[in-house]
Amino acid sequence: NWENWGYVFEENSNVLVSNIATHGSNIAEVTANDDYIEYWGGLLYPLPYYERMSISADIYLEDIENSDYDMLSLYVINGDEYEYISGFYFNYSGTLEVGSQDSIVEIQDWKPKQWHNVKANVDFETKKIDLFLNNVKVHTVDLPAGVTKLDEVDFEFDNYFTGFKIDNFKVQDLDNLSVSDLEKKDLKMYPNPAKDVLNIDTLKNI
């Protein structure tokens, strides 16, 4: 269901490659194209509807002082209008900004040439989006009034000499995670089977 958009239309602009993967063996790579400098483009994925959902990915950004990267950008589509709801903006200068169309906050600097995990937990009941960087919550965004569904998530950049990579992309229904999903996501228990001692590692309080 992935689609490319903007200048990212040539075969060599977005490819599957088998190097430095964080999960499995293949990653998606979007490369810069000197013929279309500062033309925005990227990859998008149409989103299903869940009352509470998690959208996450590992991203690898090639360098600072070149491209701006808009990662895990959440959009609502109304006809020909695209409304930006939330996401992570990795500025070419090396600063990371998060938030919404109406409220952007700078949270920290970011480093190139390493994997970062970005995640948005969306709750349509509470009308909140919690944003996580490397499994640490960094910001909460209010869903605009009237928004009852997100249409797509984008990974996009302005194609200024450096590209990016994506791996381990997930969209999960938080109300219907299986036990195996929970164990993979937040919990490790060992040894299995256990006799006298059971070790539990978790990112959350129990």
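Which residues make a nonpolar surface patch of about 260 Å²? Met189, Leu198 and Ile200 make this patch. The model is predicted, so local features need pLDDT of at least 70 and side-chain atom pairs count only at pLDDT 80 or more, while totals for chains, interfaces and linings use all residues. Residues are numbered from 1 along each chain as its sequence is written, and side-chain values use heavy atoms, with hydrogens and water left out.

**The surface patch**
- Patches join nonpolar side chains (Val, Leu, Ile, Met, Phe, Trp, Tyr) within 5 Å, or like charges within 9 Å, from residues with over 30% relative accessible area and no salt bridge.
- Met189 lies in strand 15, residues 187-190; strands are DSSP runs of E with at least two residues, numbered from the N terminus.
- Met189 is partly exposed at a relative accessible area of 40%, where buried means under 20%, exposed over 50% and partly exposed in between (1.4 Å probe, protein chains only).

**Glu152**
- Glu152 belongs to strand 13, residues 152-157.
- Glu152 is buried without a salt bridge, and Lys149, the nearest side chain of opposite charge, is 9.4 Å away.
- A salt bridge needs a side-chain nitrogen of Lys or Arg within 4 Å of a carboxyl oxygen of Asp or Glu.
- Beyond its neighbours within four places in sequence, Glu152 has contacts including Leu44, Tyr45, Ser73 and Tyr82; contact means heavy atoms within 4.5 Å.

**Val105**
- Val105 sits in strand 9, residues 104-109, and is partly exposed at 28% relative accessibility.
- Leaving out residues up to four places away in sequence, Val105 touches Leu96, Glu97, Val98 and His139.
- Val105 and Trp115 are ten residues apart in sequence and 22 Å apart in space, C-alpha to C-alpha.

Definitions and conventions:
Helix = DSSP H or I, 4+ residues; strand = E, 2+ residues; numbered from the N terminus. Lys, Arg positive; Asp, Glu negative; His and termini not counted. Areas by Shrake-Rupley, 256 points an atom, 1.4 Å probe, with all protein chains shown as cover.
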